[in-house]
Amino acid sequence: DLVRSRGLGDVYKRQDLARILEQTPETIARAVTLYQQAADQGYGDAAVSLATLYQEGRGVAQDFSRAFDLYQEPAAQGHAKALNNLGLFYVRGTGVPQDYARAAEYFAAAVERGLPTAMTNLGVLYENGFGVPLDEERAKELYRAGGRQETEDAAPDTGMVYDARLIPIELTNDALEAVSYTHLRAHETV
């Protein structure tokens with residue numbers, strides 16, 4: 001496979017060990033080092049994991065620019081999580097101009113690769129007409145495909161669950177009330 005042909009050797013072991021080490025504050029710095037080593041060898045999963053740490057400020061100083069840059073190569077290679085997380089940058093306007101249409105493109109690319117979180121994220125955009133035409137039926141399809149299992153006969157008060165990261169940071173409470181969100185559920189960066 002591509003990883004082995006590029007001489008990447010132990011990147012899988014580094015990635016697995018880093019996933020374990022990032023769970024505790026005492027060992028997260030070692031996880032950052034392992035992710036960086038594997039990312040330097042071209043391993044996209046490690047670059048995405050490292051980008052997530054920079055995005056969240058865990059084990060490293062929060063650095064949206066660094067995270068954004070780290071997502072680029074894996075996204076260009078079709079890495080679903082990198083594509084989804086870049087979409088989140090554009091939804092929130094984090095370090096980039098807010099651009100719902102661009103976010104929709106990234107989410108759609110991740111949806112093509114089967115990422116359930118991206119299906120939910122794209123569904124939110126369709127349900128609200130953010131960067132795409134308002135299309136509640138398409139939103140429902142995406143929610144069902146993403147594992148939300150919304151059904152046609154759901155009780156009227158059963159609201160959709162939204163990814164809170166899709167709400168732009170600068171929205172005020174008044175602006176939020178103007179948008180028809182029934183529930184908010186924060187998903188961790190994937």
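E127 is found in helix α8, which spans residues 116-128; helices here are DSSP runs of H or I with at least four residues, strands are runs of E with at least two, and both are numbered from the N terminus. The model is a predicted one, in which local features need pLDDT of at least 70 and side-chain atom pairs count only at pLDDT 80 or more, while totals for chains, interfaces and linings use all residues. Residues are numbered from 1 along each chain as its sequence is written, and side-chain values rest on heavy atoms, with hydrogens and water left out.

With a relative accessible area of 16%, E127 is buried (buried means under 20% relative accessible area, exposed over 50%, and partly exposed in between, with a 1.4 Å probe and protein chains only). The side chain of E127 is joined to that of Y143 by a polar contact of 3.0 Å. Such a contact is a pair of N or O atoms within 3.5 Å; within protein, one must be able to donate a hydrogen and the other to accept it, and residues adjacent in sequence count only if both atoms are side-chain atoms. E127 and R138 are 11 residues apart in sequence, and their C-alpha atoms are 7.8 Å apart in space.

## Surroundings of E22

E22 is located in the loop between α2 (11-21) and α3 (28-40). Its relative accessible area is 12%, so E22 is buried. The E22 side chain makes polar contacts with the side chain of Y35 at 2.3 Å and with that of R58 at 2.4 Å.

Neighbours within four places in sequence being set aside, E22 is in contact (heavy atoms within 4.5 Å) with I28, A31, Y35, L53 and R58.

## Aromatic pairs

The whole structure holds 7 aromatic pairs; rings of Phe, Tyr and Trp (its six-membered ring) pair if their centres lie within 6.5 Å, and planes under 30 degrees apart count as stacked, over 60 as edge-to-face and the rest as tilted. The Y71 and F89 rings are edge-to-face, because their planes are at 75°, with the centres 6.1 Å apart. This pair links Y71 in helix α5 (residues 64-76) with F89 in helix α6 (residues 80-92), 18 residues apart. Both Y71 and F89 are buried.

Y90 and Y106 form a stacked pair, 5.8 Å from centre to centre with 10° between the planes. Y90 lies in helix α6 and Y106 in helix α7 (residues 100-112), so this pair ties together parts that are 16 residues apart in sequence. Y90 is buried at 6% relative accessible area, and Y106 counts as buried at 14%. One aromatic cluster is formed by F64, F68, Y71, F89, Y90 and Y106.
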